[in-house]
Amino acid sequence: MTTDTLGRRLHDLRISVTDRCNFRCPYCMPAEVFGESYKFLPKDEILTFEEIARLTRIFAGLGVSKVRVTGGEPLLRTDLHLLIQMLANVDGVEDLTLTTNGYMLAPRAQQLKDAGLKRITVSLDTLDEEIFRQMNGRGFDPTRVLDGIQAAETAGLSPIKINSVVQKGVNEHTLVDLARHFKGTGHIVRFIEYMDVGNRNGWKWDQVVPAQEIVDLIDAEMPLEPVESNYPGEVANRYRYLDGQGEIGVIASVTQPFCAGCTRARISTDGQLFTCLFASRGISLRDPLRDGADDAQMTEIIAKVWSNRTDRYSEERTDLAATQNAPQKVEMYQIGG
Ligand code: SF4
């Protein structure tokens, strides 16, 4: 078991398989920056399926048992089910999941399940059609995402987690509708406090709806009670409906930081290892891999990075903001949420 300087073990690996996305959510990939002429990573710079599977095997040897495939939008990566198959066969990977915006999911859900995917998380910020069109930056309506969720359920990828980023003045007045829609379905809506990810979303504190406020809004109509985490380091705070009709989650990175239990490593599309969502720089794993490093050498590189890890950005956010010289952060679309 590999631990960092704060005693946190290496347990979860998030892998970004593409830096491209079919959405342009302003809080992640604003269209005015990521326009038609934006240059995404060329094919030869992104990790191949074989390289991703090899790195996953090495991380599993260091204690990783949960793997999440992300992007950009991972369903844009061609033949993704072949990678899922490879990762599902890695010894030690007990939990294999994927985060998607769901827009291309309906025709692919069964194929991903058959390839070995265990669970799935679908991003759906609101059911309000007009606001959804704004929040995905492409004017798409939510129908295909809901079809994707239905197809994932039919394929047996349940319970499905549904992630909703809550922004003050944008969609907070629609979050109760979203909770009500999935109440009793077995699926778990997780409301995420709006975060200062990357460097381009113009984040401000007064755009954050605190987790407690989110819970109070739902509780007022559908009474809730807090429940224990499923496992140490679980990101979401869990609440169940008193009438037994399921549960919701709230991810409170801003008002209730959870860095003390953070066991997540991230690999970017071009093979850099990041030890925090808000990190400023990563360590290339792709280059030593392509320079012929063997598994023992790769294991040593990763173990050294993790054991020297000190990240706890969310706990330091306020102090860093006060210093006015917070360093540039990696963009979320490069490493996934
Ligand atoms: S801010 Fe960084 S260290 Fe803290 S929980 Fe998030 S990823 Fe982990």
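The model described here is predicted, so local features need pLDDT of at least 70 and side-chain atom pairs count only at pLDDT 80 or more, while totals for chains, interfaces and linings use all residues. Residues are numbered from 1 along each chain as its sequence is written, and side-chain values use heavy atoms, with hydrogens and water left out.

Alanine 321 sits in helix H10 (helices, H or I, of at least four residues and strands, E, of at least two are DSSP runs, numbered from the N terminus). In total, 13 residues surround the ligand, and the closest are Cys259, Cys262, Cys276, Leu277 and Ser314 (a residue is near a molecule if one of its heavy atoms lies within 4 Å of it). By class, the shell around the ligand holds seven nonpolar, one polar and five charged residues (Ala, Val, Leu, Ile, Met, Phe, Trp, Tyr, Cys and Pro count as nonpolar, Asp, Glu, Lys and Arg as charged, and the others, Gly among them, as polar).

Turning to helix packing, two packed helices are described by the angle between their axes and the distance between the axes. Here, axes are lines fitted to C-alpha atoms, for helices over the stretch in contact, and angles run from 0 to 180 degrees between N-to-C directions. H1 and H2 pack at an angle of about 25°, with their axes 10 Å apart. That angle makes H1 roughly parallel to H2 (angles under 35 degrees count as roughly parallel, over 145 as roughly antiparallel, 65 to 115 as roughly perpendicular and the rest as oblique). The crossing of H1 and H2 is right-handed (a crossing is left-handed if the near helix is turned anticlockwise from the far one by less than a right angle, and right-handed if clockwise). On the H1 side, Phe49, Glu50, Ile52, Ala53 and Thr56 meet Leu80, Leu82, Leu83, Met86 and Leu87 of H2 (contact means heavy atoms within 4.5 Å). Eight nonpolar residues, one polar and one charged make up this contact of H1 with H2.

Helix H1 (residues 49-61) also packs with helix H9 (residues 295-307), at an angle of about 65° and with the axes 10 Å apart. The crossing of H1 and H9 is right-handed. Arg54, Leu55, Ile58 and Phe59 of H1 meet Asp295, Met298, Thr299 and Ile302 of H9, and this contact has five nonpolar, one polar and two charged residues.

In a further pair, helix H6 (residues 175-182) and helix H7 (residues 211-221) pack at about 55°, with their axes 10 Å apart. H6 is therefore oblique to H7. The crossing of H6 and H7 is right-handed. Leu175, Val176, Ala179 and Arg180 in H6 meet Ile214, Leu217, Ile218 and Glu221 in H7, and the contact comprises six nonpolar, no polar and two charged residues.

The backbone also deserves a look: most residues other than glycine have a negative phi, and most peptide bonds are trans. A cis peptide bond joins glycine 71 and glycine 72, with omega about 15°, and glycine 72 lies in the loop between strand E2 (66-70) and helix H2 (80-88). Aspartate 79 lies in the loop between E2 and H2, and has a positive phi, near 55°. At 40% relative accessibility, aspartate 79 counts as partly exposed. The peptide bond from serine 158 to proline 159 is cis, with omega near -10°; proline 159 lies in the loop between helix H5 (143-155) and strand E5 (161-166).

Finally, glutamate 225 is found in strand E7 (residues 224-227) and is partly exposed, at 30% relative accessibility. Not counting residues up to four places away in sequence, glutamate 225 touches Arg238, Tyr239, Arg240 and Leu242. Glutamate 225 and arginine 240 are 15 residues apart in sequence and 5.5 Å apart in space, C-alpha to C-alpha.

Note on methods. Buried < 20%, exposed > 50% of the residue type's maximum accessible area, 1.4 Å probe, protein only.
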